[in-house]
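Me: I would like a close look at one part of this model. Please keep it brisk, and link that part to what surrounds it.

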Number of protein chains: 2
Amino acid sequence: MKTWSKFYISTLRDSPADAEIASHKLLMRAGLVRKLGGGLYTYMPLGLRVMQKISKICREELEVSDAIELWMPHLHPVDNWEQGPRWAAAREIMFRADNAGANKGRSREPEFVLGPTHEEIITPLVKNEITSYRDLPKNFYQIATKFRNEIRPRFGLMRAREFVMMDAYSFDANDEGATKSYFAMKDAYKRFFKRIGVTAIAVEADTGVMGGSFSHEFMVPAEIGDDDVIYNEASGYAANREKATSALVPADLADAAPIGAIEEFATPGATTIAALEAAPYNVKGSEQFKTLVYMGDGKPFLVIIRGNDELEEAKLGSLGFTLTRAATAEEIEPVLGAKPGSLGAIKGSIKDQAALAGIFADHAIRLIGNGTTGANKDGFHVRNVNVTRDLAITKFGDFRRVRPGEPDPKNGQPLSVKRGIEVGHIFKLGTKYSEKFGAVYTDDAKQNHPMVMGCYGIGISRTLQAVIEQSHDNDGIIWPWAVAPFQIIVTLLDPSVAEPAALAKQLAEVAEKAGADVIIDDREERPGVKFKDADLIGIPLRITIGGKGLAAGIIELKWRSKKDVIKVPVAEAAEQIAAIVREMQSA
Amino acid sequence: MKTWSKFYISTLRDSPADAEIASHKLLMRAGLVRKLGGGLYTYMPLGLRVMQKISKICREELEVSDAIELWMPHLHPVDNWEQGPRWAAAREIMFRADNAGANKGRSREPEFVLGPTHEEIITPLVKNEITSYRDLPKNFYQIATKFRNEIRPRFGLMRAREFVMMDAYSFDANDEGATKSYFAMKDAYKRFFKRIGVTAIAVEADTGVMGGSFSHEFMVPAEIGDDDVIYNEASGYAANREKATSALVPADLADAAPIGAIEEFATPGATTIAALEAAPYNVKGSEQFKTLVYMGDGKPFLVIIRGNDELEEAKLGSLGFTLTRAATAEEIEPVLGAKPGSLGAIKGSIKDQAALAGIFADHAIRLIGNGTTGANKDGFHVRNVNVTRDLAITKFGDFRRVRPGEPDPKNGQPLSVKRGIEVGHIFKLGTKYSEKFGAVYTDDAKQNHPMVMGCYGIGISRTLQAVIEQSHDNDGIIWPWAVAPFQIIVTLLDPSVAEPAALAKQLAEVAEKAGADVIIDDREERPGVKFKDADLIGIPLRITIGGKGLAAGIIELKWRSKKDVIKVPVAEAAEQIAAIVREMQSA
């Protein structure tokens, strides 16, 4: 057990000006961390205890899923990264490290980078270690500091330059095994978040730059979150904004029959969807084709969506280009023959169709029976456009941003949207890294194959803050029992009086024996100060000893999450406290 | 409990060429670490378990001494270091970190260094946190990765670029408190090393660049050690080479009476102690004065020791110069009037005595009644020299290197010398850092005072290797019970047979319940391979189940540190194993 006077807790009345969100403010006010520099925080004794508890639970649940802990260096030889597949992009958010000496020639020194994740380290390690199918599968993890050269660190531990992450890497002999490893980790994540008392939703995610075959994010719902989750709780569907899709277009939708021949009409100055919606044109957005021009690895391509839809740029990733960006007006005109505002994909209307890498259309345009699009002639549009008859489409796909209320793709229930904080991520990675680093194994017929990998991350320090964001009130933090820095605070009203002090110690010992961590607030302070501090630092259960209550043979129990005070006769206190702790510990 | 097949252990028959010492070879062969780059090691699952156990015991013992754990960033703003007292020297062994991006201007980015220790971080932190004497003393520690830009990393974890260190910093209101904190930590260190099963001797050490008032090193005796320990076990005296002193000169030694007038004599070409010892001069080294010239902060000074003694340069630190180095011949001649080989300190013989910062003499020259020294005239010496009468000495001090066999300063017992590995260090630091960073507190009379600091380090990863260096044989490591990655290995001779496998599991559970960590070797391998691996990775107790023994109702216990095998009837196995574990756990 600890005592407040010999431990170190420093609470603040006010939070610093740079703390914008509740959890960041409470991190500071409750003295969990102190800022050293932008995105750099010292974990104070109270904050470190929470992080250690979260880490311990994480280890336990990963090991249930047969993950094996190791610990890799923070400094990585730059060679490893140059050999890997993502150096060009990743280095922009990485730190390099070399000699700090005043007079040493920099070029002759070995050069290192500080690891943001460890694919480039573990893959060559496993290549050297594991050669036979007999040693597969293996799943290695570590809980370690990662470094990210954030230009604008903010929100405390949410976006920091140093942060603690669990990162795991699974190696399997084949795709089936890798899928099994993936879902074993998904289960471990679920158990982990449940045990630490956090609601985290597994949502389908885009594989993005990691280039794997599938992926889930774990999101803690929170208004201040950076990400949107699209979901229907009853259906069990959840995906992030970049990945979310809907059943807006019925699978059995028949192609619309043409109404009449296409007809060009003048639309001087009307270069937006809104302008065509207005008089004198009065074309609904949902009946317009919006033609967007992008560059894919240097070549222009078209994306056609409905006028009332928005493009979800991340979905262009499915087209297979390495680098995608919006085209400039200068790049558009020579190919389409018109400026943005009058673009379209009517067969034969494109000036230099051979220059295009493709014309990709969102499924939802099939809902348009009789639409309007640009004529590829400045100041002109075309009406009576039929998708099948008139548009030169290379391929249909899912490119639009889903909207709340649309039917979910699982059961057709209406989708909702909420904000979330990403606290974990799992990727089925495939052979991208194992092929690059030559991590192959020999099967029982002496044939070599690249190992099939998965990679997994949990933001441990970010999760710590997400717990606070999800569990606080106006008075401070409300720690879930499992991760509280102390589960019980014994508030001693008269610390200098021997008898209550002895009782406090005795009850603290009882609680610790039953499995709780206890701190005795033995400061010479007014009760109000002590109660306020206990609430601010969020200790789940407060035991108050002293004053009139004690004189009447009573101690008080109060849960941080509840209003009422439970009065317990001194004679029954030990037994009741032990029972409470045992119950909470087994919950 | 773990099984070998689901855990990951990879042993090697041979150690890599760069492993020069036994412990480094065994680190690699037993698969405790794998090298990523020079001085950078991945802790493999087995090695990490040992490090976590050492860290846990360290935490427990520090907390007994009221040290409080926190965790500071690895990246330090360079400003903190520039403001501190040792940047100029320390930066030469430090890493700097900045943007790794290809196109970003380096000068506009914030610059960081990677911390080798954290005085420059904790002192400003405590300055902001603690303002009143009521909050003192406090002692904060962390167990964290440190970075050192070693030019020549070697000996595995002994001299690495990344290493794990416990570093602690105590803050007291006054000198008396700081001394108390110092000795509380010294006691914690002793308990720690005892618990992990390592012999570590606390030796008096020089305060060196840290500039504190006193200091101890903790040394693990080992032939491959970098440092000399001078000691007498019975007396309890021990000091490192730089600090060691002896009672060679009796405290009550009377000044020798002069024998005759000084007498100059020609010594053409005789410019060394050895040359004067030879014919025709025949002056014993112990009767010669050796006059050495050093520069202290740019000004020359003399050090006089006996001809048969060696100067211990570190002891010049007591003279209070910031920077000390040997003078060049060019710097010597204008001041003394002669070249090295004929130098001396006879009164009146020094050409420019005013140029000297002092003439410092080692106590041992007082043993010379009638000596010989240089005449400050090339090719001439002087005999019949009496220390008191003839030499112009500013101050006596301890400057010579102690030799084995000399009487120890405590009880006059003969000193011995042995090699050691430094695994810990404690400094009473004083107010050097608190004054520099303004870490002051207000006393009960509203007066401000700088806090009095101590700083403390234990090389956790180095200790791990020192354990191996101290505890191994030709077959492998012999882990002390407390830090063994597993305390027990259950070697299953027929892993595919159900009955012995069930017995193995049952006995492993019994042992774990009693407090041991157990691994079952369930590999399909020959018994010889399994026994060899178990010996190599050093598991303290092996339980062998199977084969003829089991058929006869017997299992075998074998201690790694002993030769004999203990045969135990299956029926008694659980009880005996539980008893052994309980006894070891309470040892």
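Is helix α2(B) mostly covered or mostly uncovered, and how many of its 20 residues are buried?

Reply: Mostly covered. In this predicted model, 14 of the 20 residues of α2(B) are buried.

Start with the helix itself. α2(B) runs over residues 45-64 of chain B. From first C-alpha to last, α2(B) reaches 29 Å. That is close to the 28 Å expected at 1.5 Å a residue. Just past the end of α2(B) comes Asp66(B), with a positive phi of about 65°.

Now turn to chain A. There, helix α2(A) also covers residues 45-64. Its packing partner is α6(A), residues 175-195. The two pack at an angle of about 145°, and their axes are 9 Å apart. The crossing of α2(A) and α6(A) is right-handed. On the α2(A) side, the contact is made by Ile54(A), Ile57(A), Cys58(A), Glu60(A), Glu61(A), Leu62(A) and Val64(A). On the α6(A) side, Met185(A), Ala188(A), Arg191(A), Phe192(A) and Arg195(A) take part. By class, this contact of α2(A) with α6(A) holds eight nonpolar residues, four charged ones and no polar ones.

Back in chain B, there is another helix pair to set beside it. Helix α12(B), residues 498-513, packs with helix α15(B), residues 570-586. Their angle is about 30°, and their axes lie 8 Å apart. An angle under 35 degrees counts as roughly parallel, so α12(B) and α15(B) are roughly parallel to each other. The crossing of α12(B) and α15(B) is right-handed. From α12(B) come Leu503(B), Gln506(B), Leu507(B), Val510(B) and Ala511(B). They meet Val570(B), Ala573(B), Ala574(B), Ile577(B), Ala578(B) and Val581(B) of α15(B). The contact of α12(B) with α15(B) has ten nonpolar residues, one polar and no charged.

Last, the setting of α2(A). Chain A has 15 helices and 32 strands. Its C-alpha trace spans about 95 × 65 × 55 Å along the principal axes. Of the 587 residues in chain A, 54% are buried. Taking contacts in chain A between residues at least 6 apart, 69% join residues at least 24 apart.

Methods. Residues are numbered from 1 along each chain as its sequence is written. Chains are lettered from A and ligands numbered from 1 in the order in which they are written. This is a predicted model: local features need pLDDT of at least 70, side-chain atom pairs count only at pLDDT 80 or more; totals for chains, interfaces and linings use all residues. Side-chain values use heavy atoms; hydrogens and water are left out. Axes are lines fitted to C-alpha atoms, for helices over the stretch in contact, and angles run from 0 to 180 degrees between N-to-C directions. Helices (H or I, at least four residues) and strands (E, at least two) are DSSP runs, numbered from the N terminus. Angles under 35 degrees count as roughly parallel, over 145 as roughly antiparallel, 65 to 115 as roughly perpendicular and the rest as oblique. A crossing is left-handed if the near helix is turned anticlockwise from the far one by less than a right angle, and right-handed if clockwise. Contact means heavy atoms within 4.5 Å. Ala, Val, Leu, Ile, Met, Phe, Trp, Tyr, Cys and Pro count as nonpolar, Asp, Glu, Lys and Arg as charged, and the others, Gly among them, as polar. The expected span of a helix is 1.5 Å times one less than its number of residues. Buried means under 20% relative accessible area, exposed over 50%, partly exposed in between (1.4 Å probe, protein chains only).
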